[in-house]
Amino acid sequence: MTIAGSIILIMLGAILTWAVDFTIAGLDIQVIGVILMVGGLAGLLFGIWRLTTVRRRTTVTAAAPVDTTATRRHVYEERRYDDPTI
């Protein structure tokens, strides 16, 4: 879940909890709103945690020197155009 998806869940849960005055038999809209807000908050915290750990984990490795005489290659590219000219 992305951070934007988590924020949308939090907003939807807040709307269902405090702004909707609708009742369905056997279903509590306010409880569903609280569940959505808690799920959105958990997703938001996880998304932020994932962003901070990915950015911190960058490593730089030293590459071995490349011998340019042994790795020189010739590349031939051929393009074909099947469209008729106008």
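Trainee: What's the chain doing over residues 29-49, helix or strand?
Mentor: This is a predicted model, and in it residues 29-49 are 100% helix and 0% strand. The end C-alpha atoms of that stretch are 30 Å apart.
Trainee: And what does UniProt list for residues 29-49?
Mentor: The unreviewed UniProt entry lists them as "transmembrane region".
Trainee: OK, switching to helix 1. How far apart are its end C-alpha atoms?
Mentor: They are 23 Å apart. Helix 1 runs over residues 3-19, and at 1.5 Å a residue those 17 residues should span 24 Å, so the two values agree.
Trainee: Which residues in helix 1 are buried?
Mentor: Ser6, Gly13, Leu16 and Thr17. They cover an arc of only 95 degrees around the axis, so they sit on the same side of helix 1.
Trainee: Then which ones are exposed on the other side of helix 1?
Mentor: Ile8, Trp18 and Ala19.
Trainee: Back to Thr17. Why does it count as buried?
Mentor: Because its relative accessibility is 12%, and buried means under 20%.
Trainee: What is Thr17 in contact with, leaving aside its neighbours within four places in sequence?
Mentor: Gln30, Gly33, Val34 and Met37.
Trainee: Which backbone atom lies 3.3 Å from a polar atom of the Thr17 side chain?
Mentor: The backbone nitrogen of Val34.

Methods:
Residues are numbered from 1 along each chain as its sequence is written. This is a predicted model: local features need pLDDT of at least 70, side-chain atom pairs count only at pLDDT 80 or more; totals for chains, interfaces and linings use all residues. Side-chain values use heavy atoms; hydrogens and water are left out. Helices (H or I, at least four residues) and strands (E, at least two) are DSSP runs, numbered from the N terminus. The expected span of a helix is 1.5 Å times one less than its number of residues. Buried means under 20% relative accessible area, exposed over 50%, partly exposed in between (1.4 Å probe, protein chains only). The arc is that of the directions from the helix axis to the C-beta atoms. A polar contact is a pair of N or O atoms within 3.5 Å; within protein, one must be able to donate a hydrogen and the other to accept it, and residues adjacent in sequence count only if both atoms are side-chain atoms. Contact means heavy atoms within 4.5 Å. UniProt positions are given in the numbering used here, feature names are shortened, and annotations may be inferred rather than shown by experiment.
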